[in-house]
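Please read the points below with the sequence and the model side by side. They proceed from charged pairs to the overall fold and then to the aromatic rings.

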Amino acid sequence: MRLALLTLLTFALMPLPIRAQVPVFKTTPEESSIKFFVKASVALVGDFDKWKASLTFSSPDVTTAVLDIQIQAATVNTGSGMKDKKLKSADFFDVEQAPYITFHSTKIVQTGPESFDVLGNFSIRGVSKPETLKLTVSGKGTGTGVIKGMMAFDRKEYGMTSGIPFVKIADRVEVDVDLKVEQVSGPRLVYKE
């Protein structure tokens, strides 16, 4: 019994396992944004007031990152109450049945010194499909930086086939991500040159 207790105490006092030695980042929502744009006869641009994003790593290799974004669809803000109400309806975001819009990365490919293709599953109104978010990073190696990117999708592929009265809107929706991130612990990220 004494040996088992001693062994347990020894493990408790040992340094954290290797898996704890990974870069840890936090997102600063106050300095970040997620916006969208749809070409239309009347401007259709907006953002979301409530969302969260996380960036986790399984090693210092930058391509081991997993990017998760969760947006509260009901917080859409176009600056027009009428447009917001229509976007929240069952014709578009269907916030009653599908309150969240999400993106979960499945693979990250470094395409240049500061550019990446982030492949992942994008879900909106209960429909999930693979999409690619094209990102660039600034502040590489400093511990703080900005991740900017764009993803485009066809709204009709996600069941948003309705229109808006008196407004002609395109099928292509562009989503712009602008995330301010800060490293809070762990080793610096390793990029390919």
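1. A salt bridge is counted here when a side-chain nitrogen of Lys or Arg lies within 4 Å of a carboxyl oxygen of Asp or Glu. By this criterion, K156 and D171 are joined through their side chains, at 3.6 Å from N to O. K156 belongs to the loop between strand 10 and strand 11, while D171 is in strand 11, so the bridge ties together parts 15 residues apart in sequence.

2. The model is a predicted one, in which local features need pLDDT of at least 70 and side-chain atom pairs count only at pLDDT 80 or more, whereas totals for chains, interfaces and linings use all residues. Residues are numbered from 1 along each chain as its sequence is written, and side-chain values use heavy atoms, with hydrogens and water left out.

3. R155 lies in the loop between strand 10 (144-154) and strand 11, and is 16 residues from D171 in the chain. Through shared partners, R155, K156 and D171 form one network of salt bridges.

4. R155 is buried at 5%, whereas D171 is partly exposed at 27% and K156 is partly exposed at 40%.

5. The structure holds seven salt bridges. Another of them joins D117 and K134, whose closest N and O atoms are 3.0 Å apart. D117 is in strand 8 and K134 in strand 9 (residues 127-138), 17 residues apart.

6. Leaving aside residues up to four places away in sequence, D94 touches L87, K88, S89 and R125, where contact means heavy atoms within 4.5 Å.

7. As for the overall fold, the protein has two helices and eleven strands. These are DSSP runs numbered from the N terminus: helices are H or I with at least four residues, and strands are E with at least two. Their order along the sequence is α-β-β-β-β-β-β-α-β-β-β-β-β. Of the 193 residues, 37% count as buried.

8. Seven aromatic pairs are present. Rings of Phe, Tyr and Trp (its six-membered ring) pair if their centres lie within 6.5 Å; planes under 30 degrees apart count as stacked, over 60 as edge-to-face and the rest as tilted. F48 and F93 form a tilted pair, 6.0 Å between centres and 40 degrees between planes. F48 is in strand 3 (residues 44-48) and F93 in the loop between helix 2 (81-88) and strand 7 (100-112), 45 residues apart. F48 is buried at 9% relative accessible area, and F93 is buried at 8%. Ring pairs link F36, F48 and F93 into a cluster.

9. F116 and Y191 form a further tilted pair, at 6.2 Å and 55 degrees. The two are 75 residues apart, with F116 in strand 8 (residues 115-124) and Y191 in the segment after strand 11 (169-185). Both F116 and Y191 are buried.

Methods: Buried means under 20% relative accessible area, exposed over 50%, partly exposed in between (1.4 Å probe, protein chains only).
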